[in-house]
Every structure is written in structure tokens, then in C-alpha cells.
Amino acid sequence: MWEQVRRALLDSLSMTFLRVWKWARAFWQRNGLLTLSMLSVATGCLLGFLLRALELTELEKQYFSFPGELLMRMLKMLILPLITSSLMSGLATMDTKACGKMGVLTITYYLWTTFMAVTVGIILVVSIHPGAAAQKDKYSVGNVVLSSADALLDLIRNMFPSNLVEASFQQYRTVLVPVVKSPGIPKIPGKTLSFIYFAPDDENPEIHRPVFLELTPSPEMTYRTLPGTSNEMNVLGIVIFSATIGLLLGRMGERGAPLVNVCQCLNEAVMKIVSMAVWYFPFGIVFLIAGKILEMEDPSVIGQKLGLYAITVVSGLAIHGVIILPLLFVLITKKNPFAFIQGMLQALLIALATSSSSATLPITLKCLLENNGIDRRVARFVLPVGATINMDGTALYEAVAAIFIAQVNEYDLDLGQIITISITATAASIGAAGIPQSGLVTMVIVLTSVGLPTDDITLIIAVDWALDRFRTMTNVLGDALAAGIIAHVCEKDFTPKAPAQDPGSSTAKLPSGEPSHPQPKDNVIEVMEESLFGQTGVHYNICQV
């Protein structure tokens, strides 16, 4: 009897253990990488604050952040082939009418959500008034910044790069060169004149600060604009070129099919690289976040000066990303938005770690296709365009920062100036590159539109590295939800239609005297090949002569 009880107990324990093991195995297969990424974010924050007590040197910090640097380089390596292959193959497989409809809907949706984000930010910053708690430093670094006209012209120039190869690693940027006008002081016998030196700024070596040494009177300083470049990929120009080629390939029909298949194979190869490299991401995230925490200034001092400003920005991003965007998703698709967002958690964590929407693009595409089942043609178009022009978080941040700077300087903005800020923040965010801290560059347009001092951008640099991560998460979330909405609205346009059968076309009419044989004329073999992954329902004819 005891033997039977013992055997029954062992059987029940073994069955329970087996069920737990199967559940754990299934959970790991579904959410293993996501769990590791979440643990790596927490570990990186904890490790960064613990290592601050050691007061590492700059060289030691650089060595410590090396695994995180590899993560960033790995992601940036995939941006160019992914954007070109996805846009070319995605647009080429679409009907021209459906493609035009999707393009108009996508750009309209992006502009509206960006304007809504700006409105949320303006309401919060006017209500909370964080500028009252911040104090302006007694000194300010005289940073030389571009005018809004030059920044806008640079954006238009980058839309049409003069060299596509150069656009893959550089973009156009106007450079300001200081010019000193001599006051014409006569030389005094026995006394030498002092000189003017241009010293590089501590934070940005590309900006030179004038240092005056005992000059009486001070000389007149002017700045001349010259064409220059910056070592950043011109994503906007590449997106426009790739989209144009993709549309033309679709119009070429069979003649463009070989290049379309090349782009599809390249896209599939890039996604396989992402699937392999994604297991390195949790390890790289730890050192990437910890390295940034080691580099930041004293958190207590920053919190006293800019704590309320940071709370205002984060609150606005949370309202826009957790309430407004999911509400739009529900109203349009009638689906649960949080189940959709759950499938995007891996991409959101990568956005938090890298603070670059362009670098997160491969992971965002992977999550949309595998976890949320979005049509590949929609994802290949909506995501690259969104990573370039859809910057909800950046627009909200720029509007809040501009009004915050006005509050610090005790400027009273009227309704017209606030409307001007909302419009310029929406337009400036479109030109913001998908790279870390790109919003600081385009913020010049917002500040100059209402006459605010551009030198006061230095007030918010101390917390910009942290807020940049949260607004990047909002940008990536907006791109993903936009893909879900566009896929739902354009679902009927992408449904594969049965080809119309012509009863007269079943038998080929051959001229008299020509023998009937299975080989097509002129030894041309028509091969019907499915598109990538076999789910789009689009076929191509590859002619081999």
C-alpha cells in the first residue's frame, strides 16, 4: 500500500515538473530575448550608479563602454542595406494606385500625430511652468549656431544628395567661419598688439569660441557661411532615392523584376543577420547604459536645476505614447493596442538603449513581421519613412524646451508666438536625423522663430542624453502603431486578387509551319517565382535568355 502511495506521489510530482518545464520552455521561446533585454536595462542602470563611486578616468570609461559601442556599430551597419532593399522591394511590388493611397495616408497620419504631440507638450509646459524652478548660470558659452533659413536649406539640400556614395556616410551641413574685421588701430611704438585666439569648445570641438586678449577696442566679429559636411548618414536623401527607384521598378514590370528580386534577397539576408545579432544585444545594452550613466554629471545638482523640466517632458511623452497613440489605434482598427505594443517591447528596449530610431529600424521591422504579423509591403514602406520624418517625441521635446527657455529668461509669449512654436516644432522635427541628440540641432529653428536666445540651448544639455532615450522610444512606438493602422486601412488594397482567365488565351496560336514544342519562343524560359517569404501573393517573371 505504501509503495502504491509513493509511486502515485512520484508520478504526480513528475507530471507537475514536466508541465512546469514545458511552460518554462515555451515561455523562453516566446519571451526569452525580451526577458534578457529587460534584465540588461536594469543591470546597466544599477552597474552604472555603482561604478560612479570608483571615479573612473576618461580612458577607463571608454574601455568599459566598448561592448556598447560594438552594439551601436552593429546596428548602424544594417541601416543602409535595410532601407534601400526594403523600400525598393516594398514599393515595386505594390500597385501604383495602392502605393499612392498608402503614401498619402502615411504622411498625413505622421503630420497629425506630430502636431498632437506638440500640442500636448505646450499644454503641459504652460501649466506646470518648469522654468520658474530653474536658474540661469551667470556665464554662458557663446556657441555659434546656424540661422533657421540655413538649417531649412540644409534639409532641402540633403533631400537631393549630389553623391549617393557620399550620402551613405556624410550629409551636407552649412559651416560658419568667423571673420574678424580689423579696427585699423595704428601701431604704437614700444607696445605690441594682442591677438585673438579661437579655442575649441570643451563639449563640442567643432565649435570654436573666440578668446579675446586685452584688445582695446574689441574688434567687430562676423560669420561667413561655407558649404561643409558632417559625418552622419544622409538617411533622408537615401529614403527619397530608394522610394523613387522602387516606384519606377514597379512600373517597369518584367524588366525590373530581376532587380526587385535582388532587393528582396538582400532584405531577407539582412533580417537573418538581425536574427543572429539580436542575441548579443542584451550584453551590449548593459555596457551602453552603464557607460552613459558614468559620463553624466552629478545627478543631485541636475535634479535641482532641471528636475521639473525633465518631469514635464517625460509626462508629455507618456501621455502621447500611452494614451493618445493607443486611442487612435483603437478608434481606427478596433483592436487591442496594448497587445500590439507588447509585441514591440524588444524594439522599445533597443530604442531606450541606443537613443537612435534609425539604429532601431532592423529590430522594429523584425518585431512587426514576426510578432504582430504586419504585411511586409506596408512595413517596408511605413517604417523607413517613419524613421526619417515621424518624430513625435522630438517635436514634443522641442516645443517644451523652447517655452522652458522663454520661462527661464522671463519672456512672456503670446498666443501667436505659441502657435508659431507649435508649427515650427512640427516642421523642424521632420528634418531631425534619427541619431542621438539630433533634436538639439533642429531646436535652433524653433528658438529663432520667436526670437529666443539660441545660446541658452546649453541650459538643457545636462539632461538631454536621458530625455533623448525616452523620446526615441516614443518615435519608435509611433512608427510601429502607424504601420498597424496603415496595414488595417489598406488591407483591401493588398488582398491578392485571382487573375482573370481569358478562355482564348489557353491555346497559343502558332504561325503555320512552326512546330509545336514546349520550349517558348527564342529560348526564353519564364519562371514564376514567389516574392520574399511567400506571403505577399505577388509573383515575378524572371526572363533567362
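This is a predicted model: local features need pLDDT of at least 70, side-chain atom pairs count only at pLDDT 80 or more; totals for chains, interfaces and linings use all residues.
Let me begin with the chain as a whole. Its 545 residues include 44% that count as buried. The secondary structure comprises 18 helices and 6 strands. If we take the contacts between residues at least 6 apart in sequence, 81% of them join residues at least 24 apart.

One residue illustrates such a contact. V175 belongs to strand β1, which covers residues 171-181. Which residues does V175 touch, leaving aside those up to four places away in sequence? They are R224, T225, L226 and G228. For R224, the separation along the chain is 49 residues, while the C-alpha atoms of V175 and R224 lie 8.1 Å apart.

Is V175 buried, partly exposed or exposed? Its relative accessible area is 35%. Buried would require under 20% and exposed over 50%, so V175 is classed as partly exposed.

I turn now to the surface. A nonpolar patch is formed there by L105, L327, L331, I332 and V489, and together these residues have about 390 Å² of accessible area. Which helix gives the most to this patch? That is helix α10, residues 299-333, with 3 residues.

Another member of the patch, L105, sits in helix α4, which runs over residues 96-128. With a relative accessible area of 30%, L105 is partly exposed, because this value falls between the limits of 20% and 50%.

Thank you for your attention.

Definitions and conventions. Residues are numbered from 1 along each chain as its sequence is written. Side-chain values use heavy atoms; hydrogens and water are left out. Helices (H or I, at least four residues) and strands (E, at least two) are DSSP runs, numbered from the N terminus. Buried means under 20% relative accessible area, exposed over 50%, partly exposed in between (1.4 Å probe, protein chains only). Contact means heavy atoms within 4.5 Å. Patches are made of residues with over 30% relative accessible area and no salt bridge: like charges are joined within 9 Å, nonpolar side chains (Val, Leu, Ile, Met, Phe, Trp, Tyr) within 5 Å. Accessible areas come from the Shrake-Rupley method with a 1.4 Å probe; for residues, only the protein chains shown count as cover. A salt bridge is a side-chain nitrogen of Lys or Arg within 4 Å of a carboxyl oxygen of Asp or Glu.
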